[in-house]
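Subject: Structure for your review

Dear colleague,

Please find below the structure that I am handing over to you. My notes on its helices follow.

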Amino acid sequence: MPTHSNHGMRVAYISARLAKKIGFSESSLFDLISYSLLHDNGVMASLRKMKDKGVTISTDSGAVEAMPLHCIEGEKNLANFPFLMKRENVILYHHENYDGSGFFGIAGNKIPIFSRIIHLADLMAIWYSSGMGTDQVMDSIVQNVHMFDPDLCEAALELSANVEFWLDLNDMFVQRALVAMQPKVSREFDFRKLREISQIFSRIIDAKSPFTGSHSRGISEKTGFICQYYEFDEQTYWQMRVAADLHDLGKLIVPSSILDKPGKLSRDEFRMIQAHPYYTRKILERIDGFEEITEWASNHHEKLNGSGYPYGRDSSNLDFNSRILACVDIYQALTEDRPYRKAMEHRKAINIMKDMAAQGQIEASVTEDMDSIFSGVMN
């Protein structure tokens with residue numbers, strides 16, 4: 001799996017440039033960019049499944065790219081993603097070679113055009129990020145011409161002849177270049193529909209570590225019970241479910257070696273853990289209409305007495321829904337296995353939370369209500 005920063009954006013940018021070169025419509029271009037950004041979404045799940053079988057693979061080795069499992073998992077993850085037009089097997093076949101020598105032996109135009117584009121863009125992005133010069137990348141395309149659609153090879157070589165194409169791939173410019181190419185397609189979803197999308201990212205987040213395999217899902221389910229208990233209106237209910245799904249989005253940036261570490265974390269490692277709600281906020285605050293979701297999701301490690309992280313907020317700027325999510329996160333963490341301890345039973349977890357409430361860290365009323373809601377269910 002490429003570990004280079006901005007890999008997904010580079011693949012999306014190159015894919016979009018190729019697609020425009022061969023005459024894609026605006027709606028197809030919109031979907032292609034979405035598929036490209038998500039082309040490696042199955043990597044975490046495949047790593048976890050391999051680890052469950054006793055096979056440990058370094059994400060730095062590129063070994064994941066050499067296994068079809070991440071294509072299979074990625075295709076499954078996107079089954080319910082609301083593309084403008086659903087296309088079958090784009091992610092499943094994004095490593096197929098034009099001559100039929102790929103994972104599944106699909107050849108030529110039987111490979112979906114989106115897959116053919118992403119395959120070429122993926123390798124071009126990897127070659128670029130590995131330090132190859134522009135001439136070397138172009139030579140690599142020619143040397144591996146059997147792997148790619150001839151029309152796409154021709155388009156790639158024509159694009160590669162322009163200096164601006166390569167300058168746009170620079171870390172400083174690639175995001176802006178991609179956004180500038182993004183078709184202005186507007187779609188409206190209610191929060192219930194958006195929850196179908198957030199569940200996809202929840203599964204990707206949870207697959208990051210075997211010790212958090214159902215963490216976000218568990219928090220979302222329990223948050224739903226609590227919202228019903230408080231008789232929240234339907235919109236707030238679904239907003240809270242989305243916030244729960246996405247609260248740990250920033251953990252995708254934290255190395256698995258830290259998340260899975262059985263011993264005590266070093267100061268620097270703990271700082272990395274503490275940074276994840278910050279990254280969650282930075283990602284979510286860019287989405288229009290997500291203002292409340294962003295607050296609730298990224299405040300889940302803040303404490304009422306100001307002792308939390310990453311901002312050290314206190315009761316004066318933590319609303320009730322943020323307090324709910326913080327309590328549910330603690331309860332879920334205490335009642336699931338972690339690398340350094342076994343899961344706790346309900347009563348022990350609630351007693352710990354009541355101590356925290358007594359110290360002014362978390363909302364006492366939510367803790368009491370959670371005790372009532374989950375007692376008997378979690379034992």
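Helix α1 covers residues 7-21, and at 1.5 Å a residue its 15 residues should span 21 Å; the end C-alpha atoms are 21 Å apart, which agrees. Please keep in mind that this is a predicted model.

Of the 15 residues of α1, 12 are buried, so the helix is largely enclosed by the rest of the structure. A residue counts as buried when its relative accessible area is under 20%. The buried residues of α1 include His 7, Gly 8, Arg 10 and Val 11, as well as the run from Ala 12 through Tyr 13, Ile 14, Ser 15, Ala 16, Arg 17 and Leu 18 to Ala 19. What covers these buried residues includes α2 (26-37), α5, α7, α8 (163-167) and α9 (174-181). Just after α1, Gly 23 takes a positive phi of about 90°.

Two of the helices that cover α1, namely α5 and α7, also pack against each other. Two packed helices are described by the angle between their axes and the distance between the axes. For α5 (residues 113-129) and α7 (residues 150-160), the angle is about 40° and the axes are 11 Å apart. The two helices are therefore oblique to each other, and α5 passes α7 in a right-handed crossing. On the α5 side, the contact is formed by Ile 113, Arg 116, Ile 117, Leu 120 and Met 124; on the α7 side, these meet Leu 152, Cys 153, Ala 156 and Ser 160. By class, the residues of this contact are seven nonpolar, one polar and one charged.

How do the axes of α10 and α11 cross, and at roughly what angle? The axes of α10 (residues 191-206) and α11 (residues 215-229) come within 8 Å and cross at roughly 140°. This pair is therefore oblique as well. Arg 195, Ser 202, Ile 205 and Asp 206 of α10 meet His 215, Ser 216, Arg 217 and Ser 220 of α11. The contact of α10 with α11 has one nonpolar, four polar and three charged residues.

Yours sincerely,

A colleague

Technical notes: Residues numbered from 1 in each chain as written. Predicted model: local features only at pLDDT ≥ 70, side-chain atom pairs only at ≥ 80, totals over all residues. Heavy atoms only, no water. Axes fitted to C-alpha atoms, helices over the stretch in contact; angles between N-to-C directions. Helix = DSSP H or I, 4+ residues; strand = E, 2+ residues; numbered from the N terminus. Parallel < 35°, antiparallel > 145°, perpendicular 65-115°, else oblique. Left-handed = near helix turned anticlockwise from the far one by under 90°. Contact = heavy atoms within 4.5 Å. Nonpolar A, V, L, I, M, F, W, Y, C, P; charged D, E, K, R; others polar. Expected span 1.5 Å × (residues − 1). Buried < 20%, exposed > 50% of the residue type's maximum accessible area, 1.4 Å probe, protein only.
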